[in-house]
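Please examine the sequence and the structure shown below before reading the report.

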Amino acid sequence: MAKDSCLARVTAGVAVGGAVGGAVGAVYGTYEAVKFKVPGLMKIRYIGQTTLGSAAIFGLFLGAGSLIHCGKSY
């Protein structure tokens, strides 16, 4: 495929954004869980919520950015 389709670009943007957001969310969630002394197994839940939330937001914005740039040819 010589030229990527718009859907492929948006999908790649969402995937990359989700991966980066997940990594950042996991690090930040771990930091906050330790900083605020979240008790016991609640740490795992807190880190998971932070990871998924951050991955969703980063993926959404990177996918939207890819969609905006989809029509432009350079």
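The report that follows concerns a predicted model and treats a surface patch and then a disulfide.

## The nonpolar patch

Seven names belong together here: V16, V20, V24, I57, F58, F61 and L62 form a nonpolar patch on the surface of the model. Together, these residues have about 610 Å² of accessible area. Two elements, α1 (6-35) and α2 (42-68), each give two or more residues to the patch. Of the elements, α2 gives the most, with four residues.

V16 lies in helix α1. Its relative accessible area is 46%.

## The disulfide

How many disulfides does a search of the whole structure find? The search finds one. This disulfide joins C6 to C70, with an S to S distance of 2.1 Å. The pair links distant parts of the chain, since C6 is in helix α1 and C70 is in the segment after α2, 64 residues apart.

## Exposure of the two cysteines

Are C6 and C70 buried or partly exposed? The relative accessibility of C6 is 31%, so C6 counts as partly exposed. For C70 the relative accessible area is 16%. Buried means under 20%, and C70 is therefore buried. Thus the disulfide joins C6 to C70, where C6 is partly exposed and C70 is buried.

How values were computed: Residues numbered from 1 in each chain as written. Predicted model: local features only at pLDDT ≥ 70, side-chain atom pairs only at ≥ 80, totals over all residues. Heavy atoms only, no water. Patch = residues over 30% accessible without salt bridge, like charges linked within 9 Å, V, L, I, M, F, W, Y side chains within 5 Å. Areas by Shrake-Rupley, 256 points an atom, 1.4 Å probe, with all protein chains shown as cover. Salt bridge = Lys/Arg side-chain N within 4 Å of Asp/Glu carboxyl O. Buried < 20%, exposed > 50% of the residue type's maximum accessible area, 1.4 Å probe, protein only. Disulfide = S-S within 2.5 Å.
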